[in-house]
Amino acid sequence: MIAEIGDSLLWAGLAFCIIQAALFKVGGKFAKAAAITVFVCLTGSFIALIWSFVISDFSLALVYKNSHSLKPLVYKISGTWGNHEGSLLMLLWVGSLFNFLYAKSSFKKVALSVIGGIMALLSAFAIFTSNPFERLPIVPPEGLGLNPLLQDIGLALHPPMLYVGYLGFLIPFAIAVAALVNGEFTKSQIAIARKWTLISWSFLTLGIGLGSWWAYRELGWGGYWFWDPVENISLLPWLVGTAALHSLMIAEKRGGLLKWSALLSITTFSTALMGFFLVRSGLLTSVHAFASDPDRGIFMLGILVIVVGGALLVYGAKAHKLNSEIEYSNVSRETFILYNNLITCVLAATILTGIVYPLILEAIVGEVISVGAPFYNKTILPVAMLIFVLAAAATKMNWTNDNAKSFLKRIYKPVLAALFFSMILIVIFESKPFEIAGIISVLVLLFAVISEVKKRKLSGGLPLILSHGGFALLGIGILFSSAYKEDAELLMKKGEEVKVAGFEVTLQDVTEGMHDNYVFRRAEFEVKVQDKVHKIYPETRIYPIEEDKTTESAIFRDLLSDLYIVIGEKSEKEDSYAVRVYFKSLINLIWLGCFLMFCGGLARVFSSQYRQDR
Amino acid sequence: MEVKKKLKPKQQRLNFAIFSLLILSFAVGLILFALDEHVEYFKTPSQLNQNAFEGKTIRLGGLVKDGSYKQINANNHEFEITDTDEDYPVKYTGFLPSLFREGQGVIATGKTEDGVFVAKQILAKHDENYMPPEVYKALKEKGYKK
């Protein structure tokens, strides 16, 4: 019964999306009423699905395939979006929420119509190819269970954050298309587009960060980023979105770059949509690959062509109307932000090349290849360094027309500080030239931001400090955790000791037992550092219901660095265990950095200065 | 403060074009270089038996052959990967992934050394119903059915 209500509400949602889309001439109160109705319908539908998971209604194919009555409640709920159909409904719900929030504050006819149209396409996609409320002919007594790897709090939160990010970009997309159609991009429209870009970007940053944090703790090899195609896809809207929010800032504050801002706003949502579909097309080999179905592919491709193609056509036909020539010199914040915009887009294009090149090569030559970490390390990192340096310069530079001499006076201290600290690191760690270049460039940004703290704290520049400081810390975390690490893979008997990066690690004991829905092997490790003793307990778990095995790493946190231990199989002959010990220097800066960027983005949305600007 | 010149839009565009050209050629150069050096080819055991591709990083895909798995100890493993026609011996040091089992589809990444595939990484899907698409395709050509 509940499922039928959910299904009907989904249909009703589709109907009202179409109505909202059709109201482009009328707009106003009617479009707003439609947006509210869509939100109510989809909220009801989404709750109906969550409820079906909570009460373990195995007559639904989706619940049967992705849940089990013995699962903890929180994972029953998060199981709702741990699969293709459920996550699509969640995506729709997030979209309807944003649609509602946007409609509440704006009567823009064309923008609301664009949002309605896209929401209608996505709802139709859900209903006709991926209906979450499909019933099974016979009700099975028990579900198949949720992939144990997904039973983690990091992963319960990761998809919702990502979807908030992806769908939030729909609003600036619609505003940009509307601005092109109307032939003007007013300051208040730009401000709203910027606000939504900031919100989405912040959540996308957090979502990507959570995903990598999960991979780090749960996948048991000490890595936090696979360069897996699906991970890379989430970087595309993030990169283009970063460019868009900076460009929209210039558009709002200086009245320039209107065309460019519109194009970036369109591209950001387009890459998000493309990413969302590419993940579900089954074209990519990935740990994230959802079960695929060829029928969906055609539908997805159709939606993509309509949305992206349509928007680009509008852009091509109308962009010339958004003329906005402002004057600025070569030494100005505008120039540097614009150049960084360009580099960010080039990075996105590089990643896209890495994703689609294997698909194209296979289609044409028939050779199956894969493009992995070495490719991205070689192509992304050198270009990314430039971003840090230009960002550092931009934060210290004045708008419109700066004096080169006085700029040098402002920047030389952070540069010297960065060089000085890098020298120390070179002496201590014997770094490679490439690492040195990287460290200098991230430190320059860090010190440039620090040197601005005093000045900007007073003028409401806290968001800039948080987000750019966070970005610098992220860079430091990435560099240090890969440049200054130590690994040991070995067999250990009980009582045996190994030394890694100055830590004395002893395997004290191994116990085996049963827990709610899994069987575990738990090791007790003693970690000795500077005469202090700590105990940590890595596990391997076997989930009998899902017939799956997970490794639960144990981490000893030494300030921001981690000692990361994993226990593996047992050698019966020698009575020893496979053990991996990793030392990852400053790795926690990666997540701290992401979190600060998230805070910085949201702080800008709510900051008083921003409101004044508007 | 000295008086400095603001650039006319035309000059702005020229500067922007030059910068774009520089950064694009840098990126394209890196991409071409990296695609040449750092791409991994997918091969089946039959293909490896014909040509060992010594020194190149290969992704070897197929099923773990029934009865071939030997645990040297908890950290060292030997087994054979089969495409149902031909087999290829694999050596691996490290942790086996969760769903590593005989009869399961896997992808081993590594290099051949004297007729043995020395794997650096073993990938098995985290789902018993799911097989790496490359492996499934390669096996289908050999007439294998799931």
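The legends below describe several close-up views of a predicted model. Residues are numbered from 1 along each chain as its sequence is written, and chains are lettered from A, with ligands numbered from 1, in the order in which they are written. In this predicted model local features need pLDDT of at least 70 and side-chain atom pairs count only at pLDDT 80 or more, while totals for chains, interfaces and linings use all residues; side-chain values use heavy atoms, with hydrogens and water left out.

**View 1. The aromatic pair of A:Trp225 and A:Trp227.** Rings of Phe, Tyr and Trp (its six-membered ring) are paired if their centres lie within 6.5 Å, and planes under 30 degrees apart count as stacked, over 60 as edge-to-face and the rest as tilted. By this rule there are 33 aromatic pairs over all chains.

**View 2. The tilted pair of A:Tyr518 and A:Tyr543.** The ring centres of these two tyrosines are 5.3 Å apart and their planes stand at 45°, so the pair counts as tilted. Because A:Tyr518 belongs to strand β5 (residues 518-529) of chain A and A:Tyr543 to strand β7 (residues 539-543) of chain A, the pair ties together parts that are 25 residues apart in sequence; helices (H or I, at least four residues) and strands (E, at least two) are DSSP runs, numbered from the N terminus. A:Tyr518 is buried, with a relative accessible area of 9%, and A:Tyr543 is buried with 3%.

**View 3. Arginines over aromatic rings.** A charge sits over a ring if NZ of Lys or CZ of Arg is within 6 Å of the ring centre and within 35 degrees of the ring normal. A:Arg217 lies over the face of A:Trp213, 3.8 Å from the ring centre, and A:Arg522 lies over the face of A:Phe520, at 4.5 Å from the ring centre.

**View 4. The surroundings of A:Ser270.** This serine lies in helix α11 (residues 258-280) of chain A and, at 8% relative accessibility, counts as buried. Apart from its neighbours within four places in sequence, A:Ser270 is in contact with A:Phe173, A:Leu304 and A:Val308.

**View 5. The cysteine A:Cys17.** The structure holds 0 disulfides over all chains, a disulfide being a pair of cysteine sulfur atoms within 2.5 Å. For A:Cys17, the nearest cysteine sulfur is that of A:Cys41, 8.8 Å away, and A:Cys17 is buried, with a relative accessible area of 0%.

Methods. Buried < 20%, exposed > 50% of the residue type's maximum accessible area, 1.4 Å probe, protein only. Contact = heavy atoms within 4.5 Å.
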